[in-house]
Protein chains: 2
Amino acid sequence: MHSPTSPLEASSTHAPETRMARPLRIAIFGFGTVGSSVARILVESKPQGLELTHVFNRRVARKRVDWVPAGVVWSEDADEVIASGVDVIVELAGGFDPAGAWVRNALQAGKSVVTANKKLIAYHGVALERLAADRGGHLKYGAAVAGGIPVIPGLEQGLAGDRIERIEGILNGTCNFILSKMDEGAEYATVLALAQKRGYAEADPTEDVGGFDARAKLAILMRLALRVEVDPDEIAPRPITTITPVDFSYARDLGCTIRQVSRAERVEGRIAATVGPMLVSLRSPLAWSQGTENMVIASGHYGGDVVFSGHGAGGHPTAVAVVSDLLALAHGSRRVDIPSAPARVGAEFEVPHYIRFLVVDRPGIVAAITTALANEQINIRAIVQKPGYPSHALPFVVTVEPCKTSALQRALTPVRALDCMLVEPLDLQMLE
Amino acid sequence: MHSPTSPLEASSTHAPETRMARPLRIAIFGFGTVGSSVARILVESKPQGLELTHVFNRRVARKRVDWVPAGVVWSEDADEVIASGVDVIVELAGGFDPAGAWVRNALQAGKSVVTANKKLIAYHGVALERLAADRGGHLKYGAAVAGGIPVIPGLEQGLAGDRIERIEGILNGTCNFILSKMDEGAEYATVLALAQKRGYAEADPTEDVGGFDARAKLAILMRLALRVEVDPDEIAPRPITTITPVDFSYARDLGCTIRQVSRAERVEGRIAATVGPMLVSLRSPLAWSQGTENMVIASGHYGGDVVFSGHGAGGHPTAVAVVSDLLALAHGSRRVDIPSAPARVGAEFEVPHYIRFLVVDRPGIVAAITTALANEQINIRAIVQKPGYPSHALPFVVTVEPCKTSALQRALTPVRALDCMLVEPLDLQMLE
């Protein structure tokens with residue numbers, strides 16, 4: 001009864017013997033926080049089938065640690081390590097250059113690569129996967145998005161049978177730390193300084209607070225969830241730096257808090273994506289993430305919403321994702337080949353909005369705003385003006401029923417031009 | 001540079017050609033809610049590499065639907081289907097008999113099996129996996145725990161690199177529905193009747209409310225997370241039927257709600273597991289699950305807590321897990337072979353407890369209880385007695401600092417014997 005033509009046959013008979021014959025030889029490229037955590041897990045847990053053989057770093061001497069087995073080669077010559085007998089390069093240097101060249105050279109040489117490099121994968125992942133397939137290697141990047149949270153295996157394996165229609169996430173721990181501290185009453189500048197002191201934020205925080213880090217991660221998730229290959233630069237990020245304590249106060253009155261959310265969806269065949277601060281209902285899972293935690297919500301046509309949350313960054317959680325990818329390679333577990341196609345990204349959503357104005361008070365402002373909204377057929381949900389603010393710098397909020405992003409922008413154009421506006425009106429998507 | 005001895009070689013060269021040569025031929029065994037959802041996804045989404053060829057059901061004629069392709073064979077002869085050219089049996093009948101025989105026969109014949117059968121996997125999974133490996137097939141059961149939530153791929157793939165030390169979950173949607181409705185003020189009997197009407201609960205609800213369903217799922221998760229093979233019968237479940245509205249009232253005063261929680265942990269090399277109602281802090285993710293939702297929290301030595309949540313049951317979510325398993329088979333993605341070993345299960349935890357008494361009031365009760373606790377070195381955290389209850393049926397609550405389960409049981413033995421006790425004292429773990 002054992003059919004010799006079964007398509008499962010080849011894998012099941014070849015797999016265990018050939019693959020586990022000797023351990024995978026692993027070279028870590030970049031011995032920083034994550035690199036040393038990966039080495040630590042390999043040395044402490046001794047996962048079956050994995051052997052650390054090389055560590056590459058610039059000026060590697062200063063990186064040496066005594067708890068790594070004596071046989072491990074410490075090198076500052078990337079080409080030499082790639083040309084050696086290693087099977088897998090673990091690339092943890094990040095960025096395009098020189099990490100991109102190492103990854104390409106390794107794949108070209110038929111090696112496999114495990115990386116946490118979100119930028120490289122977001123911009124060049126499709127081409128690199130093709131190169132890997134051509135040369136007989138594998139490319140795995142489970143650590144590139146939401147570090148310790150297995151969202152990439154979840155999408156590749158557990159949700160492969162669904163048709164994901166929307167993906168939303170809290171993908172940048174720095175922004176979540178800053179916004180959750182601001183929610184407790186702190187000022188942006190104070191929290192940013194604290195985040196920098198704790199090592200959560202860079203000296204130049206633009207990548208994080210500007211939304212660039214999150215959009216690279218979103219582009220990677222869009223490939224796996226929505227099955228589209230997009231240019232991350234087509235996703236316009238909005239910074240969290242425009243959020244002020246008054247917005248948290250108004251948000252709370254509306255039963256919400258504020259988070260940096262990355263979201264993408266397919267509606268009527270079109271792809272829309274955006275990254276930026278948004279109002280999220282306190283009853284939404286997006287409000288659960290505290291501090292530097294990450295979260296991803298995948299909404300499937302068949303399975304509904306699935307939530308993944310946990311520690312998105314840090315040496316150990318990210319290292320877990322790397323070691324899990326290494327184990328998958330050692331055990332011959334390939335990702336389900338999710339078909340994807342290039343797509344353009346729009347920014348047209350249809351959701352309720354929160355719009356906060358800061359004005360020098362004078363008669364007629366509300367009339368001007370409501371007229372502008374009415375001209376675009378946008379329904380007002382609420383107008384809220386809390387007492388206690390001076391009339392020369394008066395914040396107030398208008399919330400509107402679900403409307404197209406483009407319609408709201410058209411409505412706000414004449415409003416922005418009003419001379420009573422002290423700052424640009426702040427419009428945020430409201431997620432319920 | 002392309003080393004011909006790479007352990008990754010065999011998989012990468014054989015895989016795509018051999019495996020995808022023709023689609024996997026799939027037989028669905030059991031055309032109920034989940035079975036027809038699986039067929040629906042296969043027919044509508046046409047996932048690459050999967051072809052529905054057979055449907056088996058008793059008295060199959062009444063099951064026929066017109067949206068299934070004409071070429072599909074409808075059969076009531078299980079042996080004949082297994083002996084046909086199918087590659088994978090999707091077993092959705094559930095229970096030990098006759099489903100167990102079908103699964104064994106299929107694996108024996110070198111076929112692969114995808115199943116949602118938690119009981120079969122919890123009690124016989126290890127033996128069945130061995131049989132599959134011996135005969136060249138594969139056994140996948142991503143749908144057996146928490147249906148649409150990819151916790152099994154998450155543990156097998158994304159968290160394989162960690163050392164999971166504790167697993168906690170809301171694994172039974174029926175209990176979660178009942179308890180979250182009771183939290184809103186409803187009585188147990190009323191909610192049970194509603195759950196039965198909506199199809200969430202069986203006419204005999206014992207499997208669900210008694211904790212038997214959840215403990216089977218917990219045993220499966222323990223294998224993957226804690227890497228132990230346990231006899232599910234060693235996990236003593238506690239029913240949710242002892243919970244009364246007064247407990248929700250006291251729980252709320254303590255900043256908690258009540259959920260049926262399944263939890264297991266490894267402490268100092270010993271395995272402890274339990275299933276039953278527990279107090280969970282409103283700030284804990286366990287309190288987030290509403291209605292029939294499921295949730296799993298895996299706590300890793302390296303990566304910390306990872307939360308998975310979503311729809312644990314229902315035709316479509318469960319079918320997504322089945323189809324994802326089928327895709328993994330079609331793409332040759334094998335699970336990371338997590339080593340596991342047989343282990344005994346204890347019930348010794350060290351957590352705070354909530355103990356609710358219902359007494360005929362008389363002097364000396366609190367003295368007797370506090371003395372009994374003191375004799376076991378158990379520290380009292382709070383004694384709470386809310387006003388408004390009659391003295392002939394007076395509920396009050398004692399909460400205690402973390403203590404061993406066994407010590408608390410010893411302390412409660414003389415207390416249970418007090419003639420003022422109207423019912424057994426209810427002691428619940430408190431999770432913070």
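**Figure 1. Strand β2 (residues 50-56) of chain A runs parallel to β3(A), joined to it by 3 bridges.** The model is predicted: local features need pLDDT of at least 70, side-chain atom pairs count only at pLDDT 80 or more, and totals for chains, interfaces and linings use all residues. Residues are numbered from 1 along each chain as its sequence is written, while chains are lettered from A and ligands numbered from 1 in the order in which they are written. Strands (E, at least two residues) and helices (H or I, at least four) are DSSP runs, numbered from the N terminus. Strands pair if DSSP finds at least two bridges between them. A:Phe56 stands opposite A:Ser75 in β3(A). Helix α2 (residues 33-45) of chain A packs on the sheet. This helix touches β1 (24-29), β2 and β4 (88-91) of chain A. Its direction makes about 150 degrees with that of β2(A). Contact here means that two C-beta atoms, placed from the backbone, lie within 7 Å.

**Figure 2. The open sheet of chain A has 6 strands, with parallel pairing.** Its order is β3-β2-β1-β4-β5-β6. At the edges stand β3 (73-75) and β6 (139-140) of chain A. Each has a single partner strand, so one side of each is left without a neighbour in the sheet.

**Figure 3. Helices α7 (residues 173-183) and α8 (residues 188-197) of chain A cross at roughly 135 degrees.** Their axes come within 9 Å. Axes are lines fitted to C-alpha atoms, for helices over the stretch in contact; angles run from 0 to 180 degrees between N-to-C directions. The two helices are therefore oblique to each other. Angles under 35 degrees count as roughly parallel, over 145 as roughly antiparallel, 65 to 115 as roughly perpendicular and the rest as oblique. From α7(A), A:Thr174, A:Phe177, A:Ile178, A:Lys181 and A:Met182 take part. They meet A:Tyr188, A:Val191, A:Leu192 and A:Ala195 in α8(A).

**Figure 4. In chain B, the axes of helix α7 (residues 173-183) and helix α8 (residues 188-197) come within 9 Å.** They cross at roughly 135 degrees. That makes α7(B) oblique to α8(B). The crossing is right-handed. Residues of α7(B) that meet α8(B) include B:Phe177 and B:Met182. Among their counterparts in α8(B) are B:Tyr188 and B:Leu192.

**Figure 5. A:Val322 sits in helix α12 (residues 315-330) of chain A.** A:Val322 is buried, with 29 other C-beta atoms within 10 Å. Buried means 20 or more such atoms within 10 Å, exposed 12 or fewer, and partly exposed in between; C-beta atoms are placed from the backbone. Leaving out residues up to four places away in sequence, A:Val322 touches A:Val38, A:Val90, A:Val114, A:Ala116, A:Ala143 and B:Gly161. A:Pro23 is 299 residues from A:Val322 in sequence and 16 Å away in space, C-alpha to C-alpha.

**Figure 6. Strand β11 (residues 293-300) of chain B is mostly covered.** Of its 8 residues, 7 are buried. Strand β7 (residues 164-170) of chain B runs antiparallel to β11(B), with 6 bridges joining them. B:Glu168 stands opposite B:Ile297 in β11(B). Strand β12 (residues 304-311) of chain B is also antiparallel to β11(B), through 8 bridges. B:Ser299 has B:Asp305 in β12(B) as its bridge partner. β11(B) and β12(B) form a hairpin, with 3 residues between them.

Notes:
Left-handed = near helix turned anticlockwise from the far one by under 90°.
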